[in-house]
Amino acid sequence: MKKHILALAAYIGITGIMMAQADGPNRLLVVDQNQQYKAFNLGNVNKVEFATVEGEVAANLEILSSSRTELSVKVTRTPDCSSFMINIMPGVTARQIEKNPSNAGEYMESIESPKYAEDFTSGSLTGFELPYNTEYAVATVGFDSYGVACDFRAEYFTTEKAPIEGSPKVDLKVVNTGLTTIDLHFTPNDDTSTYSFCIFTEGNAQQQFETFGPAFGFSNIGQMITSFGGSNSGVVDYQYKDLDPNTKYELYVQPLDKNGNMADLQIFDLETLSQGGSGDAHVDIALSEYKLADWNGEMKPSQFITFTPNDQSWCYRFGVYLAPIYDANPDAIKEEIASEPPMPDMAHWFFFSPVTTDFQINPNTEFVVIATAKNADGVWGEANVSRYTTPASTNGAPAMQKASSLNGPAKIAARFAPKSKSMFPALLSNKIVLTK
C-alpha cells in the first residue's frame, strides 16, 4: 500500500490535478495497520501531500489525588502536541488500548472525550462516579497540528473499598467429585444478601476478564462474576457438568452485603478426577452408517464415524479431511490436531470419552480421518490416520458429480465465548470535565 501511495504522489506531482481515469483506479484508499481505511474519489482529489512531525505527540499525565468522583491531575503536552483528549476508563480497557494504541483516538472520540489545547498544573477532573475497589485509568491521546490522533498515555489508580456492612461470606462444601462433574453445597452467612459464582480452569479467571471485560463493560472481576454467575440467596446445591478430567479449577464466589455492595471475592480450589495413564495414548477409528441426514433442513449424504480412546488416554482430538486437502499438507494437519486451544475453557476442543458423530461427505469421495490422544501426563501419542472412500450411493440416492467440503462434526456444537457487543464499554458518564 505504501508503494501505491508513493506512486500516486509521483503521478500527481507530474500531472498536478488527479482526474479519475476510466481504465484505471478511481479511488484512493488510505489503509491503517488494522486494515481500516478511508476512501477518496480520485476525481475530487486535488493533490496528495506528505508532512513530517518530529518527536512524540502526547499529553503526559500525573495523578495528584484520586477518589470515586474526582481526580486531580497534571497534564503536560509535548512540544508537538497541539491538543489532547482526556477521559477515565476501566484499567482493563486502558491496558488493551496500550497493546494496540492505533485504536486510541477512535475510541476516545467514540466516548465523547473532551478536548483541550492547554496544559494543566493541577486540573480537577469531574463528572463521573466510579465503583468501589476497582482499577481505573485516566488517559489522554495527543493530537498534532494536523489533527491526527497520536500517542496514548494512561496512569492507573484504584478506588477505595466499599463500606461493607458486616462480614458477608459463603461456606462451600464439595459433596462429590467425578471425572466431569463436581457437586457443591453453598451456605451463605447472615450478612450475605445474595451471592454469585463462576468456575474457571486454574489461573484463567484474570485472562477471561482481561479478554472479555472491556467488551461487556466489566470494570472488575466481581462485576463479571455477578453478571454471569446468577443471583443466589440462601442454601444452594449445584452440580457443574461437562468439566474436563484431570483438571484443576477455581471457583469464584462474589458475596454482596445487605446494601448490595460487593464484599471480598472468595476463591476455592477444585479438581476433577483423573483418567488415563502414562502409557501410549491412542484413538481407534471405526466407520459405521453412510446415509442421508438432516443438515440445516437439507438432506445430505452423511458418514458416521466412531472415535474410541484407549485406557491410557486423558483427552483426544480428531478431524476429517478430503484426501486432496490432507495430502497437500499432512504435517500441518497433524500439528493442528495435536494442539492446545487458542483460548481457555473452550468446549469440544478436547474429547474425553467415545464419540460417534457424522460428517457430510458426498458419494465416491476419498477422505482421511485423523485422531490423536494425550495421556494423563500430557504427552501426545502418535496420530491414527485412516483413509477411506464413501460408497457410490446412500439410501438409494445416486452419486453426486462433485465432492463438497466437509462440515462436521454435525452433532457436536462448540461452546465458544460470547461475542462482544462492542469493542469497548460505555463510560459511567460521558460528561467528563477538566477544569483548573
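Reply: Buried means under 20% relative accessible area, exposed means over 50%, and partly exposed is what lies in between, with a 1.4 Å probe and protein chains only. This is a predicted model, in which local features need pLDDT of at least 70, side-chain atom pairs count only at pLDDT 80 or more, and totals for chains, interfaces and linings use all residues. Residues are numbered from 1 along each chain as its sequence is written, and side-chain values use heavy atoms, with hydrogens and water left out.

Me: Where does Asn133 lie among the strands?

Reply: Helices (H or I, at least four residues) and strands (E, at least two) are DSSP runs, numbered from the N terminus. Asn133 belongs to the loop that joins strand S7 (120–126) to strand S8 (135–143). Its backbone is also worth a look: Asn133 is not a glycine, yet its phi is positive, about 50 degrees.

Me: Which value does phi take in Glu112?

Reply: Glu112 has a phi near 60 degrees, a positive value in a residue other than glycine. Glu112 sits in the loop between helix H3 (104–110) and strand S6 (115–116). With a relative accessible area of 53%, Glu112 is exposed.

Me: How many helices and strands are there in the protein?

Reply: The protein has seven helices and 22 strands. Of its 436 residues, 43% count as buried. The accessible surface comes to about 23000 Å², and carbon and sulfur atoms hold 49% of that surface. These areas come from the Shrake-Rupley method with a 1.4 Å probe; for residues, only the protein chains shown count as cover.

Me: What share of the contacts joins residues 24 or more positions apart?

Reply: Contact means heavy atoms within 4.5 Å. Among contacts in the protein with a separation of 6 or more, residues 24 or more positions apart account for 73%.

Me: Is Thr140 buried or exposed?

Reply: Thr140, in strand S8, counts as buried, at 0% relative accessibility. Neighbours up to four places away in sequence aside, Thr140 touches Ala59, Leu61, Phe84, Met85, Ile86, Met108, Asp151, Phe152 and Arg153. The side chain of Thr140 also reaches the backbone oxygen of Ala59, at 2.6 Å. A polar contact is a pair of N or O atoms within 3.5 Å; within protein, one must be able to donate a hydrogen and the other to accept it, and residues adjacent in sequence count only if both atoms are side-chain atoms.

Me: Which backbone atom lies 2.5 Å from the side chain of Asn246?

Reply: The backbone nitrogen of Gln275 lies 2.5 Å from a polar atom of that side chain of Asn246. Asn246 is in the loop between strand S13 (236–240) and strand S14 (248–255), and at a relative accessible area of 16% Asn246 is buried. Apart from neighbours within four places in sequence, the contacts of Asn246 are Thr272, Leu273, Ser274, Gln275, Trp314 and Ala376.

Me: Where is Ser339 found?

Reply: Ser339 is in the loop between helix H7 (330–337) and strand S19 (355–360). Ser339 counts as buried, at 17% relative accessibility. A polar atom of the side chain of Ser339 is 2.5 Å from the backbone oxygen of Glu336. Beyond neighbours within four places in sequence, Ser339 is in contact with Arg317, Trp349, Phe350 and Trp380.

Me: At what angle do the axes of helix H4 and helix H5 cross?

Reply: Axes are lines fitted to C-alpha atoms, for helices over the stretch in contact, and angles run from 0 to 180 degrees between N-to-C directions. The axes of H4 (residues 205–216) and H5 (residues 221–228) come within 10 Å and cross at roughly 80 degrees. H4 and H5 are therefore roughly perpendicular to each other. Angles under 35 degrees count as roughly parallel, over 145 as roughly antiparallel, 65 to 115 as roughly perpendicular and the rest as oblique.

Me: Which residues of H4 meet H5?

Reply: Ala205, Gln206, Gln208, Phe209 and Phe216 of H4 meet Ile221, Met224 and Phe228 of H5. By class, this contact of H4 with H5 has six nonpolar, two polar and no charged residues. Ala, Val, Leu, Ile, Met, Phe, Trp, Tyr, Cys and Pro count as nonpolar, Asp, Glu, Lys and Arg as charged, and the others, Gly among them, as polar.

Me: What covers the buried residues of H4?

Reply: The buried residues of H4 are Ala205, Gln208, Phe209, Phe212, Gly213, Pro214 and Ala215. Their cover includes helix H2 (91–99), strand S12 (195–201), H5 and S14. After H4 comes Gly217, with a positive phi near 80 degrees.
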